[in-house]
Structure formats: structure tokens, C-alpha cells
There are 2 protein chains.
Amino acid sequence: MTGPAIEQLRMQLAELWDLRRACAVLQWDQSTMMPPLGASQRAEQIATLERIAHERSSSDRLGELIGAAEGELDGLPSDAMEVRLVAEARRLHEKDRRVPVELAVARSREASRGYAVWVKARAAGDFSAFAGALERNFRLVRDYIACFDDYEDPYDVVLDDFAPGMRTAQVSRLFAELRSALRPLIAELGDRAIDMSPLHVEFPVSGQRRLVDRVLGWMGFDPAAWRLDDTVHPFESSFSVTDVRLTTRYELSHFPTALYGAMHECGHGLYEAGVAPDLQRTPLGTIRSSAVHESQSRLWENMVGRSRAFCGALTPALIEHSQGRLDGLRPDALFRAVNAVRPSTIRIEADETTYGLHIVIRFELERRLLAGDLSVAELPEAWNSLMLEYLGVRVASDAEGVLQDVHWSEGLVGYFPTYAIGNLIAAQLWERAQADIPDLDAQLADHRLGPLREWLREQVHRHGSRYSDPQLLDRVVGGPVEVGPFINHLRRKLGEVYELDLA
Amino acid sequence: MTGPAIEQLRMQLAELWDLRRACAVLQWDQSTMMPPLGASQRAEQIATLERIAHERSSSDRLGELIGAAEGELDGLPSDAMEVRLVAEARRLHEKDRRVPVELAVARSREASRGYAVWVKARAAGDFSAFAGALERNFRLVRDYIACFDDYEDPYDVVLDDFAPGMRTAQVSRLFAELRSALRPLIAELGDRAIDMSPLHVEFPVSGQRRLVDRVLGWMGFDPAAWRLDDTVHPFESSFSVTDVRLTTRYELSHFPTALYGAMHECGHGLYEAGVAPDLQRTPLGTIRSSAVHESQSRLWENMVGRSRAFCGALTPALIEHSQGRLDGLRPDALFRAVNAVRPSTIRIEADETTYGLHIVIRFELERRLLAGDLSVAELPEAWNSLMLEYLGVRVASDAEGVLQDVHWSEGLVGYFPTYAIGNLIAAQLWERAQADIPDLDAQLADHRLGPLREWLREQVHRHGSRYSDPQLLDRVVGGPVEVGPFINHLRRKLGEVYELDLA
């Protein structure tokens, strides 16, 4: 029996949920369907929904309702759904009420503007055209941080938006460990010969589409509840557990872009589709942790998609759909090519091993930018020099350097670390899944992905945001985020790829 | 110089606009993109936006702002933009504040539900499965009417939502005149032989798509600002003057469905795209009058699309895109087939002449249902008997009878008349356009549609909802809605089609 205040609170929160979902529909449409000239009015529409949502979530009325609901929780265990729900509502309310609505709206608007400026500047490879928008977005992030005072490190404030409860100091420690484990591994393997030619055949896009449809079907894509569309910068969004939208993009001479990109987004989609339906329209129904979210996409993309076993399932499908271009492909050749360690300038094309260093670089740079230790004007130089130092690659132009990512243009600061932390968590979950599902390899080789999906649903997905990241990890893997399992996973796999003893 | 209250009012109204546009995006997505299982949560999202919009538009705060703004209008001429804007805001506010928010939300929700019930009931041809939803929707319409008291006829209230300022008595008079002009014309021509076979060739859908793209291009479809998508029940929607969404559907063996359907929706789109950009985000930027809206779609579909001159432009395109199926087609044969008078059971497939009687029947039936003179159970029988009486056709099943239209399932009562009134207005505008653009026929024959489009933009589109229907008509054609020009147009055209002296 829930009390009347909890019921009233639920109704208020359900409306907030609807507003946020409506906003997500507008954003999805903008990225997939909207004619280009629709952009400026769309920015207004999104800003208005953002304003209304922020006004409501920060309102005194909501605060009073939360207080009254808290009064109805006496005697309930601390992990009761109502307790979690009210606590999450309190947490989000306390954050939002510190942020003036005008600042929230300004951030939304500047995100739309920054994005538009970035698209043009990147196409022109002109950092100076982007500098102003970047400056404005970082200034707004600083204004946002200034609304808070309960942190050890200013960066904690933005990190908490994407990895609730995680601290900068913890990320720094993890990243230091990750960096020192990855750099020697990359130095050892980065030059060794691997035949990459299977990845660069001309693979007709129509065939790639059929390939992607087939693989997503194995993963659990349900046409009655899911869509897949083309976009420039792939993402996943969902508007309910039975309305999941994936996007991908196709490159004629690099099929992994679409294939692994789609598996990645489908991993996100399975997470959102797997949340218990009765958490919908509550704050527990949205996945707050980008880190855990990313663990799901990475697990499907890398642990499953690039495994030796699944490469065995992929190979016949690749041969069938590539219209003769991949005749004679051997699973082993695919496995080696998709796992080759190849330091490069572009994050989203990076292999699983070098990827982490791309993130470490961004984390270090955005902290220095925020702290004012680095100016926007100095950023390209700093970017290029870290790329050389950590990855040993020379950046030929800003388009393939500092301009490559969309995030900063939209004021997304504190987001990048979750990509690498997601990789770490994915490896921890993968260890656990392998222990719990003894014939997992045989299933992957046979593209029977249902048992793994159901294991993830049971362990992770269905809980939505019911548990904090530490609580969830503690339940599933018995401890906090660690670097070890990820490095073990890499060394084991790369040992097979390179026929070396790395474990 | 606008005063501070007007400025504040503008900001409030702009947010209301954004909310309504966001709602329209959600509805468009629902009809074109959404996976079927997304429906129930989408209904919640739309209901929440509807609730927030209604709360705001009916709020005391908005009323006070409008009052303050009215105080700043002294000395301005009655057709000044600010005067019109504040007056339209007042009109809409006064309507909305009479309607309790719970009733507005209930109507939105029951519309979503009724639609879903109707889709199934129509597919099954089972009126009894639909009766409950129809009952509930009509009950909510009655509850809505009961919120008002300043009418001559209860039907005035719903009519005013779609044809502001128009009265039931006026529609009754127009429809009586229309009915008595159409029935003898149909009786005289309905049996005469016309070769309809060109319309029923197997026309590959890929070719139909190219044909439609080409014709919409002539009309002014701009891919940078417009989209065309497939749907089951075609409609047009727009989210700004540079974000216009058309939909159509394709029938393999009846190309006019897609071709004329797309021209119809494009006519709507040109209207919304043609509104002066500075009226956006004000109440004058939305077209309130479905009657004038329909005059635009009908003008393009019928006056242009089915004219002898434009059939001359269409014929080579039809031959080119039909992949051999229409080789040897003559413009005259096309002109005769697309204008043949053929009484039939389905409104949306009706020819321009019989169409009006389909509307008269619906107008009579919905008034009797509202008044309680007819029960939902008696409706199918009454429908079939009027179809026989007015059009001489026997309805074989409810699927092609009372279940054919979506409107009542969504509580849209008072909407149907605007279709026929739109035809009347279209003919009045067409007379005027022919007088103002002397070589119009030559332009149509050469698919130069720009001058007509610009004439309509200048006379009608750019004003948005700045003028009431009577004011607008008075400006452009010098008088109120009339039946005469429409009947003259038909008699002239049908005289050519049937080679008779009908004028």
C-alpha cells in the first residue's frame, strides 16, 4: 500500500517523464528525419520543453511532495521500490533546484547552436570557427558547476550527471592504471602485421543493411517495438520499453562501421528495453548512469561481436551478404582483423585496445579546460601533443583531431570518462557471465544470443536506476569498478590474435 | 513599439506554440515512424503535453497578461498585427478556460484509444466492436459543448473549432443549396460511359514515387525544408514554415491515390510554409480555419490537378514513370477519367462532384447523433439509407460504410463540413486567380506553378490566422462563402468531360 503523497508524487514524476520523453522524440527526429531548415525552430521547441521540465523538477511544490512522500516510507526496507523511487526523486530535485531555469535553458539552447557551429567547422576543418561556441559552452558548464558547493573537485559535479556517485579522484586513479597498462601493450603490438584487407572490401550498402538486420535479429531486435535508421552520428534513444530507436551509418568500404556500430547501439537498446515495465514513468525507469549504459553497448560490440566464437557466426553471414566480395573469408582472419591494435587519430574508429587512451586524453583536456589551466586557443596544440605522446600518432588536421567529436559542442563535459569506465564494467560483467553461462562460447558460435541477453536483463537491465552503480556492481560482480578484468580480457584475446603469450 | 505586457504575452504564447508543435511532432512520428507497440506510452506523452498546454492556455495568469496587453493597444488600427494577435489570444483563452483540464485530457486520451479501437474494428468490419468507443467520444463532445452557453445551436461550438466564426445555420443553408445542385447533376451524368481503364493499370510503386516527387517539385516542394513519407491515412503537418511534413500512400493499381493525395497534402503544406515567418510562435501563425486550409488542398488537387491544362503536363510524366503501362495515353483520356462522375461508397475515393454529398451525409448524421435524435446503434442503418437516398449506392458492409473514416473515432465532430466548405472556397479563389493571372492555363499546361503559388501566398498564405474567414474572403473575393462558383466550375468542366452543354 503506497500512501497518498507517494501516489501524487508518482503522478508528478510521470508527467516529468513524459516531458523528457517528448524532448527525446524531438531530438531523435532532428537527427534522423528533420529537413535541415527545421533546425532553428526545433531548438526553440526543445528549449521550451527543457524549461518546463526544469521548472517542474525544481519547483517548491515538487519538493513538498517529496517531503510528504518521505514521511510515508517509515518501516519500509531500504531497498523497497518506493524508498528507492522517492530517494532518486529527492536526489534529482536537489540537483535541479540549485540550477536557475535560465541557466538550464541557456545550456539547452547553446547546445543546439554549438552543434550547428561544430558541424560546419568540422566540415571545413576550421577550429577557429568553432572556438567561440566551445568557449560559450565551457563557460556555461562553469556556471553550472558554480551552482553547487558540495564537491571535492569541480569536475565531480559534471561527472555526477553521467556517472552518479562517482568521483573525479576515483576516475583519475582508474585512468592512471589503465594508461600504464595500455601503453606498453600498444607499444608491443601496434606495429605487428595483421591482414586488414577483409575489412576494406567494397561491401554494397544494401548487403550491409541485410547483414545488420540479421545480426540485430539475433540480438533481439523486434520490429514491433524497435526501429533502425540512418544518421550521421549514430546514437540510441528510446521513448518506452517498447519504442526503441537505433541509428547507424554505412561506409561502402568499411563494413565494421555499420555492423559494430549497430551492435553497439543495440546493446544500449537492449538495456532500455529490458527495464521492468512498471518502472516506466518513474525516475527509476531512465538509466542515469552512462557508465553502466556504455558497459552494455561495449559488451555487445566488443566482448560478443569481436569474440573468436561470434566471428565464427558472423563469417557465413558476411560471405552471404557481401555479394561475392568476401568469398573465402575465414573466421580466424575476421577475428584477427577486427581485434588488431592500430593506433589512429579517430576515437570512434579506434580498436578496443587503443580506445581507452583516446578517452584518457579527453578526460585530461576537459579537466584542464574547466580549471582554466588550458585556454580554448591552446586546445588543438595540446590535443595533438597528447595524441603523439600517448598513442604515437600525428594529427594531420583539426578535423581529424580536436574537431572530431560532437560532445563538447553540446556542452557535454564529464561524459567522455563513462566510455572507458563502461569498457571496464563490461569486462567485469563478462567475467561473471562466462562463469554463470558455462557454454556461452558455443552459444555465440551458433548466434544463440538469447541466454546472454536474458542474463543481462536479470542482472542489470530490469533494475533500471533502482541501484547506484556501486550497489549494482556489488550485487553482480561483488565489488567496485576495476581495471584488471578489462586488461586480462584484452591480453587473453590479443594473445590469440597475435599468437603470443600475453596472459 | 510594443509595450512590455505585449512582449511578455508574446513569450508566453511562444511557449504554448512550442508545446503544440512538440505535440504535433509526436503525432507525426506516431503515424509514420513509431513501432506499433509504442502506442500506449505515446498516448500518455501526448496527453501530458495536452494537459500542460491546456493548463497554460486557460490559466488566470495568461488571462491577466492578455488584459494588460489589451491596455497597450490604444490608438492602434484594428488591423494592426498586435491588435489581431491579442484578439486571437483572447479568443482562444476564453474558449480554453471554459473547458476543465480533465475534460481536455480525457478527450486527448479517448482520441488515442478510439483511434486504436477503430483501426481494429474497421479491419474486421465489425461496427459493434467500435460502438463503445464512438459512444464515449460523442459523450465527451457533448460534455465539451456543455462548457459553453453562447450559441444558437449546440453544433456551433464544435464547428467553431474548425471554422471559427461560422454558424451551423449558415452551413445548413449552404449544404441545402449544394445538395440540390449536385443531385440532379449526378443523376444526369452518373451512368454515362467514360473509359476509366487508364487509372487502373499496374503502375509500379517505385515509378509512382518518382512521379509524385516530380509533381511535388513543380508545386514547390523543397527537400531542405519538406519531407514526404508513407502512411496509412495521409495527412499534412508542419512544425515550422521550414519544416513541413507530407504523407501519402500508394496503391499499385490506382495511381491517383498517391498522385492526387500528395498534391492535396502539398496544397496544405504550401499554406503552412507560406505563412509570414514573423507570425511563427504566435497564435496567428497557426491556421485555425480547416475550411480555408481545405480550400488550399482542394484547389491544388482538383482545380489544378484535374484541369484539362494540367492533365496535358501530367500525361508525359505518367508515360515516362509508368514503365510502359501508360504508353500512348492521351491528355484528353486522362482528363476525362479523373473527372468522371461515379457515385461510390468511399469518400476519399469520391470524384470532385459526388464528394460534397458524402460530406452532407456526415454533417446530417453527426448533428443527429449529437442531439440524441439518433443512437449509435442506429447509425449504420441511417448511414446506409442516406447513401442510397443521396448517392444511389448500396453499402455492402460497414467497413465501406460507417467505419470508413477515422474522424469520429478521435472525437473529431464538426470537422467534416470544412471539407465541403473548402471546396466552395477553393472555387471562389480559383475564379479570382483566373482573373488575376491571365495566362494561368498556359502555365498549368507547362507545369509552371510558381505564379499561382505566389498569388496564393500573397492573397491567403502569408496572413496566417490574421484575418477571420469572412474577413479573408472579403479581401480576396469580395464576399462570403457561396455555392455558385463551385457549381459553375463543375458544370463548365463536366461539360467538357462529357461534351455536353452544362454551363
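Reader: Does A:R281 count as buried or exposed, and why?

Author: A residue is buried if 20 or more other C-beta atoms lie within 10 Å of its own, exposed if 12 or fewer, and partly exposed in between, with C-beta atoms placed from the backbone. A:R281 has 23 C-beta neighbours inside 10 Å and therefore counts as buried. This is a predicted model, in which local features need pLDDT of at least 70 and side-chain atom pairs count only at pLDDT 80 or more, while totals for chains, interfaces and linings use all residues. Residues are numbered from 1 along each chain as its sequence is written, and chains are lettered from A and ligands numbered from 1 in the order in which they are written.

Reader: Where does A:R281 lie, and what is its phi?

Author: Helices (H or I, at least four residues) and strands (E, at least two) are DSSP runs, numbered from the N terminus. A:R281 belongs to the loop between α10 (255-274) and α11 (290-304) of chain A. Its phi is near 65°, a positive value in a residue other than glycine. B:Q323, which is not a glycine, also has a positive phi, of about 50°. B:Q323 sits in the loop between α12 (308-321) and α13 (331-339) of chain B, and it counts as partly exposed because it has 14 C-beta neighbours inside 10 Å.

Reader: Which residues of helix α7 of chain B are buried, and what covers them?

Author: In α7 (residues 154-162) of chain B, the buried residues are B:Y155, B:D156, B:V157, B:V158, B:L159 and B:F162. Their cover includes α6 (127-145), α8 (168-189), α11 (290-304), α14 (355-371) and α16 (416-436) of chain B.

Reader: How many residues does the largest nonpolar core have?

Author: In soluble globular proteins, nonpolar side chains tend to be buried together. A nonpolar core is a set of buried Ala, Val, Leu, Ile, Met, Phe, Trp, Tyr and Cys residues joined through C-beta atoms within 7 Å. Here the largest one has 281 residues, and A:M219 and B:M219 have the most contacts inside it. Domain 1 (4-150) and domain 2 (168-498) of chain A both give residues to this core, so it lies between them; domain bounds come from an automatic or database domain assignment.

Reader: How many residues does each domain of chain A give to the contact?

Author: Two residues are in contact if their C-beta atoms, placed from the backbone, lie within 7 Å. The contact takes 37 residues from domain 1 of chain A and 30 residues from domain 2 of chain A. On the side of domain 1, α1, α4 (81-97), α5 (101-124) and α6 (127-145) of chain A each supply at least two residues.

Reader: How many residues come from each chain where chain B touches chain A?

Author: Chain B and chain A contribute 31 residues each. On the side of chain B, α1(B) gives the largest share, eight residues.

Reader: At what angle do helix α1 of chain A and helix α2 of chain B pack?

Author: Axes are lines fitted to C-alpha atoms, for helices over the stretch in contact, and angles run from 0 to 180 degrees between N-to-C directions. Helix α1 (residues 4-32) of chain A and helix α2 (residues 39-57) of chain B pack at about 105°, with their axes 9 Å apart. Angles under 35 degrees count as roughly parallel, over 145 as roughly antiparallel, 65 to 115 as roughly perpendicular and the rest as oblique. The two helices, α1(A) and α2(B), are therefore roughly perpendicular to each other.
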